[in-house]
Amino acid sequence: MVKIKYKNKINNLGKKLRLSESSSKMVKHGTEGPVTNELIIKEYRAYKYAKVLMLLVVAVLCIVAFGIDIGLGAYSLSFEKVYSLIIDRLMDWNQTMDTDMRVVWELRMPRVLMGLFAGLGLAMAGAAMQSMMKNPLADPYTTGISSGAALGATMAITLGITIIQGSFGTVINAFVFALLPAGFIILLSVYRKPSPAMIILSGISLMYIFNAVQSYMMLVADPDAAATVYAWTIGTLNSAKWETMPFISFVAVVGGIVLMYMARILNTMNSGDAYSKSIGINVNRSRIIVLVTISLVAAGIVSFTGVIGFIGLVGPHIARIFVGSDNKVLIPAAGLMGAGLMLLADCVVQLVQPTLPIGIITSVIGGPVFMFLLIRQKKEVW
Amino acid sequence: MVLDIKAEDLGVSYGDNLIWEHINLELNEPGLISILGPNGVGKSTFMYTINKILEPTSGRVTIDGIDVMDMSFKDIAKKIAYVPQSSGETFAMTVMDTVLMGRYPHSGYTVTQEDLEIAADCLQKMHMGDYAMRNFNELSAGQHQRVMIARGLAQQPDLLMLDEPTSNLDIYHQIYTMRLLRDIAHERNMTVLIICHDLNIASRFSDRVIIFRKGTVYADGSAQEVLTEKTIYDVYSVKADIMPVDGRPYVIFHADEKDELDPDHQCGVIMDEKVEEAVKELEEQMI
């Protein structure tokens, strides 16, 4: 009796398994029958087109968020009005500007553009850093850039020690100090050929050193200066000016292009150094190129905006959920996702309280969004 | 076309730890070559020195007369492919994307129709066509290995090196893969170099067998010449009987409880002859 019972159970299980196998095959290929090379190639191409389509969707969302963001504020403008004004100005650059035009171009455009480029650059750099370090916790600041920048800025704000005089004193200080830890790690890469784990750990130890010095400076500084420093470390777009735009857009866009060019190499680095070398990649040289690029992008952005956290870490991960881990698609997707998140966060800032540092909102919004996607996620992405 | 690869007085150490030195080997005939030997004896290390993954501490490796250290990674990759034993992907791409990596040395930034055809073909060869659009990390260890072999084939090298290509495969795919590798070697007039721990698999399919023992190349030749009871005992400290099957040695190990394993076995360290005699005497007494 018992034996028969089990036999039936096993048979049923077998049937179920076979059924599920054939049904999964049907879902995969649409038709049953042997897989041909043509079918594989067709599916692969369809998959890639779908990813590019997703890229376009995110780009459109960014454009929408851009329009809405510029419209928000005490003097609110409709989405259509914003874009008609932008197009109007682009068609006739030398026109005399009325109030609406001034609000859009002079008051709000620098801030929103700064957010766009900061999000774009940080998220692309983050995606590249994660792929190169083979670590989902890596972000553009992994080599200690944020703590370096913070120390430079603190020095300028609390002690008044700046490398150059004038209004850009803090910015230049932050930029130069941000490149110190990164430069150290790049030198290490040249002479010691470290593993990704070693790079991350060196970055962390540098971060602690810089943080310690910065903390001491803040302790002995006067409270007002300390408060300014604190606001700076959270990250804000409120200091955006047209004059700084060429530099920021240059580092974000050119850096992004370099990283996209390195995408194929980043893909293979994910399979380990030994394999990468075996298919013809000079791993050490490539790593240095990527590190230098990421450092310049992150330092360039951070020195103007302060340390905007989270975008560089989570932008790439959200993009990964939608487009997968092929860096050729991932890096631009992460950039657009980062830009979109920044614009969204800035919209919230404008609605809640325009003086709020955006760094707070990126985390408040990005955190739950990422959590939601993470929990809902069925496919294995990481 | 078969490459002329020479290891001349080659030596490698990791820090103070000498792996081996004064190695002289020539790989210049088409066919399937197996490297055997205990763990940690430097088999993978030898592979690494052939395509510049690792810089030798002494001596040199030449490909068609040119020192590999003077060649660029890309030039080497056009001729030599390497299939690692396991993969450590943190962020997995699709299986198809993974196989397309193998086309890197031959193609530009964009993937061509030819690349796609070669990749699809290699996947099919390894019976992984059904999984082309799956994520690499959704596969089992054996499937990973088959994808990695497909990736190595997609590189279309003149020397294909595989580090334990059958370690995770089921019996069917062990035999299938070894046959495929042997046939590819003969058809394309190229060398396939594998590291293997299954003596019978190596014996059945290899045209040449190289055995590493601590610090040296212990034996080099056809399976019949190399796989003897003495060699196996000297290298692995395991007793075995050799039976000819289809003209090739078939190894049967004495693996019962009564066949006690040598407690002093250390990666096939060369034992002093006197010590060896003493061990034998002791063994006889115990029997």
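Helices are DSSP runs of H or I with at least four residues, numbered from the N terminus. The model treated in these exercises is a predicted one.

**Exercise 1. Determine where R108(A) is placed and whether R108(A) is buried or exposed.**

Solution. 
Step 1. R108(A) belongs to helix α4 of chain A, which covers residues 99–133.
Step 2. A residue is buried if 20 or more other C-beta atoms lie within 10 Å of its own. R108(A) has 22 C-beta neighbours inside 10 Å and therefore counts as buried.
Step 3. Leaving aside residues up to four places away in sequence, R108(A) touches I70(A), G73(A) and V103(A).
Step 4. G71(A) is 37 residues from R108(A) along the chain, and the C-alpha atoms of the two are separated by 8.5 Å.

**Exercise 2. Describe how helix α2 and helix α14 of chain A pack.**

Solution. 
Step 1. Two packed helices are described by the angle between their axes and the distance between the axes. For α2(A), residues 37–71, and α14(A), residues 327–352, the axes come within 9 Å and cross at roughly 25°.
Step 2. Angles under 35 degrees count as roughly parallel. The helices α2(A) and α14(A) are therefore roughly parallel to each other.
Step 3. The crossing of this pair, α2(A) and α14(A), is left-handed.
Step 4. On the side of α2(A), the residues in contact include M54(A), L55(A), V58(A) and L61(A). On the side of α14(A), they include L336(A), M337(A), L343(A) and L344(A).
Step 5. Sorted by class, the residues of the contact between α2(A) and α14(A) are 18 nonpolar, 2 polar and 3 charged.

**Exercise 3. State at what angle α4(A) and α14(A) pack, and which classes of residue make the contact.**

Solution. 
Step 1. The axes of α4(A) and α14(A) are 7 Å apart, and the angle is about 140°.
Step 2. The crossing of α4(A) and α14(A) is right-handed.
Step 3. The contact of α4(A) with α14(A) has 17 nonpolar, 7 polar and 1 charged residues.

**Exercise 4. Decide whether helices α9 and α12 of chain A are roughly parallel or roughly antiparallel.**

Solution. 
Step 1. Helix α9(A) covers residues 245–261 and helix α12(A) covers residues 283–305; their axes come within 9 Å and cross at roughly 155°.
Step 2. Angles over 145 degrees count as roughly antiparallel. The angle therefore makes α9(A) roughly antiparallel to α12(A).
Step 3. The crossing of α9(A) and α12(A) is left-handed.
Step 4. From α9(A), F247(A), I248(A), V251(A), A252(A), G255(A), V258(A) and L259(A) take part in the contact. Their counterparts in α12(A) are V290(A), T293(A), L296(A), V297(A), G300(A), I301(A) and F304(A).
Step 5. This contact between α9(A) and α12(A) has 11 nonpolar, 3 polar and no charged residues.

**Exercise 5. Find the length of helix α13 of chain A, and how many of its residues are buried.**

Solution. 
Step 1. Helix α13(A), residues 311–323, has 13 residues. From the first C-alpha to the last, α13(A) reaches 17 Å, close to the 18 Å expected at 1.5 Å a residue.
Step 2. Of the 13 residues of α13(A), 11 are buried, and the helix is mostly covered. Among the buried residues are I311(A), L313(A), H317(A) and R320(A).
Step 3. The buried residues of α13(A) pack against α2, α4, α14 and α15 (358–376) of chain A.
Step 4. Just after α13(A), G324(A) has a positive phi of about 85°.

**Exercise 6. Identify which element of chain B supplies the largest share of the side that touches chain A.**

Solution. 
Step 1. The contact takes 31 residues from chain A and 40 residues from chain B.
Step 2. In chain B, α2 (73–79), β6 (80–83), α3 (95–100) and α4 (113–125) each supply at least two residues of the side that touches chain A.
Step 3. The largest share of that side, 6 residues, comes from α4(B).
Step 4. By class, the side of chain B that touches chain A has 21 nonpolar, 11 polar and 8 charged residues.

Definitions and conventions. Residues are numbered from 1 along each chain as its sequence is written. Chains are lettered from A and ligands numbered from 1 in the order in which they are written. This is a predicted model: local features need pLDDT of at least 70, side-chain atom pairs count only at pLDDT 80 or more; totals for chains, interfaces and linings use all residues. Axes are lines fitted to C-alpha atoms, for helices over the stretch in contact, and angles run from 0 to 180 degrees between N-to-C directions. Angles under 35 degrees count as roughly parallel, over 145 as roughly antiparallel, 65 to 115 as roughly perpendicular and the rest as oblique. A crossing is left-handed if the near helix is turned anticlockwise from the far one by less than a right angle, and right-handed if clockwise. Two residues are in contact if their C-beta atoms, placed from the backbone, lie within 7 Å. Ala, Val, Leu, Ile, Met, Phe, Trp, Tyr, Cys and Pro count as nonpolar, Asp, Glu, Lys and Arg as charged, and the others, Gly among them, as polar. A residue is buried if 20 or more other C-beta atoms lie within 10 Å of its own, exposed if 12 or fewer, and partly exposed in between; C-beta atoms are placed from the backbone. The expected span of a helix is 1.5 Å times one less than its number of residues.
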